[in-house]
Amino acid sequence: VNLVESGGGLVQPGESLKLSCQAFGSDFSRHSMAWYRQAPGKEREYIASISRDGSTRYEDSVKDRFTISRDFAKNTMYLQMDNLIPEDTAVYLCTVWETAYWGRGTQVTVSL
């Protein structure tokens, strides 16, 4: 089983990125999935999650700027990130709750 994140990059403050997390090798439609991020020297932190019925939750600092979604047919989860700020700079990782599966992450850098 593999979780593969993509879509990271270097952007300026106020710009947008859309991250993808595609699952290979297993169907996770019965599980909630989530995004986390880890900045240098900091603990990994929860960002957002989406359940099998599509309900969503967000960490307070991103809830008005980020949107999580998933495409069950593609076994893929997304994170639309708008109005990015430098504090969003981190490696973004996806995971499937109730499993030990994590992706390797994709780097997001927000800088002038």
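**Notes on the predicted model**

1. A polar atom of the R70 side chain lies 3.3 Å from the backbone oxygen of S51. The R70 side chain also reaches the backbone oxygen of I50, at 3.5 Å. This is a predicted model, and the distances should be read as such.

2. R70 sits in strand β7. R70 is buried yet has no salt bridge. D27 is the nearest side chain of opposite charge, 6.5 Å away, whereas a salt bridge is counted within 4 Å.

3. Which residues is R70 in contact with, leaving aside its neighbours within four places in sequence? They are F28, S29, H31, S32, M33, I50, S51, R52, T76, M77 and Y78. I50 and S51 on that list are the residues whose backbone oxygens are described in point 1.

4. D60 belongs to the loop between β6 (56-58) and β7 (66-71). D60 counts as exposed because its relative accessible area is 58%, and the cut-off for exposed is over 50%.

5. The protein has ten strands and zero helices. Its radius of gyration is 13 Å, close to the 13 Å that the globule rule gives for 112 residues, so the protein is as compact as a globular protein of that length. The C-alpha trace spans about 40 × 25 × 25 Å along its principal axes.

6. Of the 112 residues, 39% are buried. Among contacts between residues at least 6 apart in sequence, 52% join residues at least 24 apart. The accessible surface is about 6200 Å², and carbon and sulfur atoms account for 46% of that surface.

Definitions and conventions: Residues numbered from 1 in each chain as written. Predicted model: local features only at pLDDT ≥ 70, side-chain atom pairs only at ≥ 80, totals over all residues. Heavy atoms only, no water. Helix = DSSP H or I, 4+ residues; strand = E, 2+ residues; numbered from the N terminus. Buried < 20%, exposed > 50% of the residue type's maximum accessible area, 1.4 Å probe, protein only. Lys, Arg positive; Asp, Glu negative; His and termini not counted. Polar contact = N/O pair within 3.5 Å; in protein donor to acceptor, adjacent residues only side chain to side chain. Contact = heavy atoms within 4.5 Å. Rg over C-alpha atoms; globule rule 2.2 N^0.38 Å. Areas by Shrake-Rupley, 256 points an atom, 1.4 Å probe, with all protein chains shown as cover.
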